[in-house]
Amino acid sequence: MRILLAHNSPYYPSFGGGDKSNRLLMAALAARGHHVGVLARVAKFGPDVHSGLAHDMEQRGIGVRSHSEELQFTLEGVDVRVFTRGTSLRAWISARMQESDPEVILTSTDDPAHLMLGPALQLDKARVIYLVRAIIALPFGPASSLPSSTRSAVLHRTDGSVAVSEYVAQYAREWDGLDTIHIPISLPDRSIFPELGRFDNCFVTMVNPCAGKGLVIFLALVRHFPEVRFAAVPTWGTTGADMAALRALPNITILQPTDNIDDILRQTRVAVVPSLWAEARSRIILEAMARAIPVLASNVGGMAEAMLGMDYVLPVNPVARYRPYVDELMVPVMDIPEQDPRPWIEALGHLLTDRVHYCDLSARSRATALAYARSVTVEPFEAYLKDRLRVPRRYHAPVHARPTAAHPVHSLSPNKRRLLAARLKQRTKTDKE
């Protein structure tokens, strides 16, 4: 199959769980012999970002081809093109999709405004499959941060949708009648999974400390255990205000995010994942448990599925209301309900003081997570894509709405377009004379 992922987010390097899951999914499909491509973007556009990313990739031993609007490289058998410095991301996406001539286009909830999904649906032949990785980005239901009947209708034009957990699949079916199934699309990293959990490790760690991920509970734990060392790993959701709150407490160490999660987990005694929004399925849970690190997780969304029956799925008062705007990092702003940290304090205290209990949970978590990791492959998803190719395309864009080859004038800068228009106007005037 010719498969194209339209990824409205950084693809590599990146630190978000959804970004990493998409990368591993594409690599697994490429390893199965499919022709796999990715269209992605950087967080901010510009010549400095373009050259900086090119340098970073070269430092990682990855050869990069530089073009006028993009960088292109091959990673794990996947052809990756990253928009870095052009004038129109949407025009670039549309043109690259046409060039790729894919049989299947994958888009996901990292594209809530449908910047990628819209052009994909305009192509005439490709099957369009939607990957549901974040409930708050869906345009329907009580957990949506920005409901929209228009965007919801667009999702029904796709040829299928696959959810990261059974909870998410049921949510999509119940609240919008979307034909969504759960197939594993958050594949484990096929690493060695070193056994890193130790009762005497340095930190109780939280990755991506921010409002929706339960920063308020993490801070309550930090204050209750002043003699315990905590670590915070800021990523895509951590705002300036969040960083100020973290730095105000002397027993918190800020760790920089890294591609290699082992660098963080080998310092981690307990991982804390106290999400307050309807989390689809937190990737860090499996990553920690597979390395023998006990996890405390909240009982929202698909978190219980991610915990695989292990101890400490703990209660929270979930987010029920989003405000109609986003923060400095483009994350929806939410009202955080009052929380009761006592169950979290009790659970963490037990793990920090009872070595026998810690070692037992550490061993059981690792055995369960490794068994799960061995059972998960890309083959069910591959079979699903092949099945979608055997049925007619669900939606056909009107002929007038289908993309056509871009006129060369659209590649010109605004200044050159104005100059060209002035010359054409002068030529017309001369011809008339």
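Start by selecting T268. Leaving aside its neighbours within four places in sequence, T268 is in contact with N201, F203, T205 and I293. Contact means heavy atoms within 4.5 Å.

Before going on, note what is on screen. This is a predicted model, in which local features need pLDDT of at least 70 and side-chain atom pairs count only at pLDDT 80 or more, while totals for chains, interfaces and linings use all residues. Residues are numbered from 1 along each chain as its sequence is written, and side-chain values use heavy atoms, with hydrogens and water left out.

**Stop 1**

Strands here are DSSP runs of E with at least two residues, helices are runs of H or I with at least four, and numbering starts from the N terminus. Is T268 buried or exposed? T268 is buried, at a relative accessible area of 0%. The cut-offs are under 20% for buried and over 50% for exposed, with partly exposed in between (1.4 Å probe, protein chains only).

Now show the side chain of T205. A polar contact of 2.9 Å links it to the side chain of T268. A polar contact is a pair of N or O atoms within 3.5 Å; within protein, one must be able to donate a hydrogen and the other to accept it, and residues adjacent in sequence count only if both atoms are side-chain atoms.

Widen the view to the sheet. It is open, has six strands and pairs in parallel, in the order β12-β11-β10-β13-β14-β15. At the edges are β12 (252–254) and β15 (313–314); each has a single partner strand, so one side of each has no neighbour in the sheet. Strands count as paired if DSSP finds at least two bridges between them.

Next, pick β10 (residues 203–207) and β11 (residues 230–233). They run parallel and are joined by four bridges. Find M206: its bridge partner in β11 is A232.

**Stop 2: helices α7 and α8**

Select α7 (residues 215–224) and α8 (residues 240–247). Their axes are 11 Å apart and meet at an angle of about 10 degrees. Axes are lines fitted to C-alpha atoms, for helices over the stretch in contact, and angles run from 0 to 180 degrees between N-to-C directions. The two helices, α7 and α8, are therefore roughly parallel. Angles under 35 degrees count as roughly parallel, over 145 as roughly antiparallel, 65 to 115 as roughly perpendicular and the rest as oblique.

Which residues of α7 and α8 meet? L215, F218 and L219 of α7 meet D242, A245 and L246 of α8.

**Stop 3: the nine-stranded sheet**

Move to the other open sheet. Its nine strands follow the order β3-β4-β5-β2-β1-β6-β7-β8-β9, with mixed pairing. The edge strands, β3 and β9 (180–182), each pair on one side only. From one strand to the next, the twist averages 25 degrees.

Color β4, residues 70–75. Five of its six residues are buried. With β3 (residues 64–66), β4 pairs in the antiparallel sense over three bridges. R65 has Q72 of β4 as its bridge partner. Three residues separate β3 and β4 in their hairpin.

On to β5, residues 78–83. Six bridges join it to β4, and the two run antiparallel. F73 is bridged to V80 in β5. This hairpin has two residues between β4 and β5, and E76 in the turn has a positive phi of about 55 degrees.

Click L75, in strand β4. L75 is buried, with a relative accessible area of 10%. Beyond its neighbours within four places in sequence, L75 is in contact with Y11, Y12, R23, I62 and V80. For scale, pick L221 too: the C-alpha atoms of L75 and L221 are separated by 40 Å.

Three bridges pair β8 with β9 in the parallel sense. V162 has I181 of β9 as its bridge partner.

**Stop 4: T109**

Find T109 in the loop between β6 (104–108) and α4 (117–122). T109 counts as buried at 6% relative accessibility. Its side chain reaches the backbone nitrogen of A134 at 3.0 Å.

**Last stop: helices α12 and α13**

Select α12 (residues 342–353) and α13 (residues 355–375). They pack at an angle of about 100 degrees, with axes 5 Å apart. That makes α12 roughly perpendicular to α13. H350, L351 and T353 of α12 make the contact with R355, H357, Y358 and L361 of α13.
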